[in-house]
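Let's take a look at this protein together, starting with its surface and ending with its overall build. Keep the 3D view open as you read.

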Amino acid sequence: MGALTHESLVEYLLEEAYEVAETIEAGTGTGTDDAELRGELGDVLLQVVLHARLAEERGAFTFDDVARGLSAKMVRRNPHVFRPDGSLQDSFPATVDEIVQKWDAVKRAERPGRRDPFEGIPRALPALARAQKSIDRAARAGFSEARPSVDVPAFTSEDELGELLLAVVRSARAGGFDAERALRGAVRNYQQRVPEQHQQR
């Protein structure tokens with residue numbers, strides 16, 4: 001095996017993250033296997049340790065720097081939970097919406113020049129995850145859009161939604177289309193269209 005690099009480790013980091021998700025989802029309804037989850041989380045942590053070690057060898061930063069940075073970020077971005085010194089607040093927001101609003105306000109204050117609500121969404125995300133993240137970001141930024149051009153039924157369960165998505169993929173395959181590529185293109189168009197529509201109002 002050749003020398004480890006940040007680039008050569010990316011595939012393992014992604015694989016380990018997907019294994020954590022799979023372990024959690026496999027336990028849905030019956031309770032997650034705690035020993036299995038602990039092991040999978042350890043595998044993800046190992047990837048973090050390896051990346052930090054490579055950075056330390058370059059003289060860039062250490063694992064301790066990563067941990068300190070995470071701690072500072074948690075305190076800074078969650079003023080509804082922590083005081084500036086890191087101790088807990090005496091009371092907390094009453095609703096999840098209040099928490100999300102405070103989180104978004106802190107993030108905006110950290111990057112006042114950021115105008116694009118989609119900035120920071122990884123391009124490497126699978127298309128469906130990227131689509132969901134983009135729609136969520138647009139809604140949180142106050143962007144509304146015109147009615148979708150395709151009528152979609154309301155869903156009563158995730159199983160029902162999953163079956164429809166599978167049917168769409170099956171239909172795409174039958175037509176010779178790549179569903180993942182098609183959705184990536186639709187998401188790119190969405191990210192361009194929504195802010196433009198908002199500016200025109």
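This is a predicted model: local features need pLDDT of at least 70, side-chain atom pairs count only at pLDDT 80 or more; totals for chains, interfaces and linings use all residues.

## A patch of negative charge

Now look for Glu22, Glu25, Glu158, Asp159 and Glu163, which gather in a patch of negative charge on the surface. Two elements give two or more residues to this patch: helix H1 (6–26) and H6. H6 gives the most, with three residues.

Asp159 is one to zoom in on, and you'll find it in helix H6. Is Asp159 buried or exposed? Its relative accessibility is 63%, so Asp159 counts as exposed.

## A nonpolar patch

Which residues make the nonpolar surface patch? They are Leu128, Val150, Val152, Phe155, Leu161, Leu164, Leu165 and Val168, and the patch covers about 650 Å². Here helix H6 (residues 158–174) gives the most, with four residues.

Leu128 sits elsewhere in the chain, in helix H5 (residues 127–140). With a relative accessible area of 47%, Leu128 is partly exposed.

## The whole chain

Stepping back, the protein chain has seven helices and zero strands. Its radius of gyration is 21 Å, well over the 17 Å that the globule rule gives for 201 residues, so the chain is more spread out than a compact globule.

The C-alpha atoms fill a box of roughly 50 × 45 × 40 Å along the principal axes. And how many of the 201 residues count as buried? The share is 18%.

Note on methods
Residues are numbered from 1 along each chain as its sequence is written. Side-chain values use heavy atoms; hydrogens and water are left out. Patches are made of residues with over 30% relative accessible area and no salt bridge: like charges are joined within 9 Å, nonpolar side chains (Val, Leu, Ile, Met, Phe, Trp, Tyr) within 5 Å. Accessible areas come from the Shrake-Rupley method with a 1.4 Å probe; for residues, only the protein chains shown count as cover. A salt bridge is a side-chain nitrogen of Lys or Arg within 4 Å of a carboxyl oxygen of Asp or Glu. Buried means under 20% relative accessible area, exposed over 50%, partly exposed in between (1.4 Å probe, protein chains only). Lys and Arg count as positive and Asp and Glu as negative; His and the chain ends are not counted. The place of a charge is taken as NZ of Lys, CZ of Arg, CG of Asp or CD of Glu. The radius of gyration is taken over C-alpha atoms; the globule rule is 2.2 Å times the number of residues to the power 0.38.
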